[in-house]
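Visitor: I would like to learn how to read a model like this one. Can we take it feature by feature?

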Amino acid sequence: MNENRPVLIAKNISFCYPGQSEPTVFNINLTLRRGEATGLLGPNGCGKSTLIDILTGLKKPQKGSLQRVGNPTPSLALVPQDYAFYPQLTCLENLRFFGEILSIPKHDIDNRIAQAVKDCLLEPFLEKRAQECSGGIRRKLNLAIALLQRPDILLLDEPTVGVDPQSRALLLALVKKCLIDGCAVLYATHYMEEVSAVCTNIVLMDQGSVLASGSLSTLLTSNDSHAPFQDLDTLFIHYTDRSLRD
Amino acid sequence: MPPIRHYLHQILMIARKEWTLLFRNPHGLAVLFLMPAIFVLVMSFTLRNTLTTQIDMPTTGWVLENGSRQAKLWAQQWLDRYDARMYATRHDLRNAIASGEVQSGVLVLGSWLDSTGVPDSKQIEIWLNHKTQPAAAARLRAELVLSVMQVNLKMKMAAAGPFANMMTGNTDITKLLDDNNIPRIRYLYEIDSGRTMTAVQQTVPAWLIFGMFFVVIPIAGVLIQERNDGTLKRLEIFGVSKTVILGGKLFAFMILNWIQLAFMLIVGYVLLPLLGTDGLSLEISLFWFICMTFAISAAAVCLALLIAAYSKTFDHAAALGGGINVILAAIAGIMVPRMLMPPGLQKISEWSPMGWALDGMQMVFLGVPETQFMLIRIGLLLCFTSLCFALSIIRLERHR
């Protein structure tokens with residue numbers, strides 16, 4: 001079985017933007033496994049989005065190694081923080097464009113679009129231009145486009161910002177479905193309850209480094225002098241300090 | 001799918017998406033189609049008298065402050081020949097010019113005849129309203145000087161009596177200084193192709209080129225949106241390279257340039273004659289026309305990609321792109337024909353991409369495309385294209 005097999009292994013990854021003296025990401029170790037979701041937590045500007053760019057292959061780390069494990073190489077999809085599609089196109093036109101660009105057989109494109117539309121409940125909005133849709137529908141479309149790739153690894157960068165509780169519940173249910181299907185998920189967010197709901201592992205970052213990592217229960221009852229922590233919020237504040245970052 | 005087919009498929013998909021986005025952008029379409037068409041209409045009429053060697057004589061009003069018989073006779077001859085009328089006073093003449101009754105005035109001063117009775121051109125004033133073209137004023141002045149010389153010669157011949165015939169034979173003295181016996185002005189292209197430069201022949205290619213370079217507006221709009229919204233990232237994760245993304249845009253907008261071209265040719269060939277000006281002559285070398293259009297289009301789209309790649313926001317790109325295009329157009333002789341520029345500026349304009357484009361396109365439309373001349377322009381445009389395309393990709397790669 002594929003379950004819990006590692007599909008993405010990052011070892012000692014460091015990345016520094018040109019012209020900066022301090023690395024944005026420093027010595028990160030991370031393993032994503034099939035059927036497991038890893039929550040990526042950290043204050044604004046801690047390096048989460050840069051780490052995600054490195055994991056997608058869009059940025060090359062100056063140090064360390066990144067490996068996708070499997071034959072064939074596991075496919076990877078990203079759900080970016082922004083609405084990464086064309087607002088002037090309808091939801092269907094967006095799905096069709098991203099589906100066709102994958103260069104897979106037409107019947108397969110149709111199947112994938114139909115499945116993504118069904119999973120994300122987009123049917124009533126297919127002919128509506130994306131710019132005319134609500135924030136929740138746009139978030140669903142953002143996820144639906146990523147699902148067209150049928151990914152083995154799904155990276156989500158704050159996928160529920162600005163959506164109502166109903167849409168959030170749907171998005172979380174979709175992530176859980178992906179896990180059941182054997183996908184490895186990295187879930188970056190500021191919402192602790194979402195991490196608690198879907199993630200088995202947690203990586204807590206600040207200032208480019210990992211402060212703590214492991215399963216939720218392990219972290220809450222860790223050897224830290226302040227442990228046990230009441231909940232994830234308390235743990236987060238303990239590690240990252242109360243001072244404002246923005 | 002084999003790699004080449006795969007890339008071509010992706011390029012076509014991106015091009016189709018670009019067209020869909022463009023056709024949902026009425027402002028972008030207006031900039032690409034209506035703006036150059038309006039410029040062609042306005043400039044064809046504006047430059048109608050500037051690009052011809054035969055300028056229309058302005059209508060004149062005359063005031064004779066010199067009461068001599070010669071002055072009256074001379075003025076009457078002018079009135080018989082040209083569209084002109086007499087006024088009693090300077091005040092009347094001024095009002096007639098100001099109201100547009102006549103376009104210019106000729107004031108013959110009291111001292112027009114010197115002490116020996118010989119007319120003096122310096123004792124004539126030409127009055128103009130602010131709308132009179134400098135070329136028309138120059139023609140009026142030249143004709144007046146010539147006419148005064150004719151009067152002068154006739155008076156000298158009359159004074160010479162029988163000796164005059166010994167000098168001129170039996171030639172009618174009025175033909176000696178006939179202003180119809182002036183040299184004909186011919187530009188080289190007219191000698192080569194038998195075709196004269198008209199305002200339409202100048203403005204249609206010029207403003208077409210200007211319009212083609214304005215693809216910067218729709219290209220920048222989409223590219224900056226894609227970059228800022230993370231759509232470029234997403235496309236890369238979908239396996240689409242930066243080269244393919246820019247290649248798709250290049251293809252889409254080069255096709256669009258051909259549609260612009262067809263539209264502008266219809267304006268020049270069909271609409272302008274209907275509005276009463278010259279029509280565009282389409283007796284051109286199709287081969288050089290296609291080569292030039294391809295090179296211009298590639299240069300225009302790649303400059304637009306470069307501007308979009310280096311701009312942070314759409315406002316930035318629109319201001320930068322619009323500004324660069326207007327400056328390039330001014331230098332190249334699109335706004336003001338190069339023949340009206342001083343020699344120094346003409347030299348500078350030879351180093352502008354729009355200048356290469358205009359040079360080549362004008363030679364095509366004037367019917368005299370010489371191989372060496374055309375190849376140099378096309379080569380320069382394609383070098384410019386490659387440089388812009390390479391710099392755009394480098395910029396987008398670094399933006400990661």
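This is a predicted model: local features need pLDDT of at least 70, side-chain atom pairs count only at pLDDT 80 or more; totals for chains, interfaces and linings use all residues.

Visitor: Next, peptide bonds. Which geometry does the bond from N71(A) to P72(A) have?
Guide: Most peptide bonds are trans. The bond from N71(A) to P72(A) is cis, with omega near 0°. P72(A) is in the loop between β4 (63-68) and β5 of chain A.

Visitor: Now the sheet in chain A. What is the strand order?
Guide: The order is β5-β6-β7-β3-β8-β9 in chain A, an open sheet of six strands with mixed pairing. Its edge strands are β5 (76-79) and β9 (209-215) of chain A, each pairing on one side only. From one strand to the next, the twist averages 15°.

Visitor: How many bridges join β5(A) to β6(A)?
Guide: Four bridges join β5(A) to β6 (residues 153-157) of chain A, and these strands run parallel. For one residue pair, take V79(A): its bridge partner in β6(A) is L156(A).

Visitor: Which strands does α5(A) touch when it packs on the sheet?
Guide: Look at the strands touched, then the angle. α5(A) touches β3 (37-41), β6 and β7 (184-188) of chain A, and its direction makes about 150° with that of β7(A). Helix α8 (residues 232-240) of chain A also packs on the sheet. α8(A) touches β3, β8 (201-206) and β9 of chain A, at about 30° to the direction of β8(A).

Visitor: Domains next. What is the domain assignment of chain A?
Guide: A domain can be made of separate segments. In chain A, domain 1 covers 1-75 + 153-246, and domain 2 covers 84-150. Their C-alpha centres lie 26 Å apart. Across the boundary, 12 residues of domain 1 of chain A are in contact with 11 residues of domain 2 of chain A. On the domain 1 side, helix α5 (residues 165-180) of chain A gives the most, with five residues. That side has six nonpolar, four polar and two charged residues.

Visitor: And how far apart are the centres of the two domains of chain B?
Guide: The assignment gives domain 1 (3-51 + 190-399) and domain 2 (60-184) of chain B. Taken over C-alpha atoms, their centres are separated by 50 Å.

Visitor: Where do the nonpolar residues gather? Which residues have the most contacts inside the largest core?
Guide: In soluble globular proteins, nonpolar side chains tend to be buried together. Here the largest nonpolar core has 159 residues, and I209(B) and V215(B) have the most contacts inside it. Helix α13 (residues 286-310) of chain B gives this core its largest share, 16 residues. Beyond its neighbours within four places in sequence, V215(B) has contacts that include L32(B), F253(B) and A300(B). A second, separate core has 14 residues, among them Y87(B) and W112(B).

Visitor: Last, the chain interface. How many residues of chain B are in contact with chain A?
Guide: Count both sides, then ask which elements contribute. 19 residues of chain B are in contact with 22 residues of chain A. On the chain B side, α1 (3-23) and α11 (231-237) of chain B each give two or more residues. α1(B) has the largest share, seven residues. By class, the chain B side has six nonpolar, six polar and seven charged residues.

Conventions:
Residues are numbered from 1 along each chain as its sequence is written. Chains are lettered from A and ligands numbered from 1 in the order in which they are written. A nonpolar core is a set of buried Ala, Val, Leu, Ile, Met, Phe, Trp, Tyr and Cys residues joined through C-beta atoms within 7 Å. A residue is buried if 20 or more other C-beta atoms lie within 10 Å of its own, exposed if 12 or fewer, and partly exposed in between; C-beta atoms are placed from the backbone. Two residues are in contact if their C-beta atoms, placed from the backbone, lie within 7 Å. Domain bounds come from an automatic or database domain assignment. Ala, Val, Leu, Ile, Met, Phe, Trp, Tyr, Cys and Pro count as nonpolar, Asp, Glu, Lys and Arg as charged, and the others, Gly among them, as polar. Two strands pair if DSSP finds at least two bridges between them. Axes are lines fitted to C-alpha atoms, for helices over the stretch in contact, and angles run from 0 to 180 degrees between N-to-C directions.
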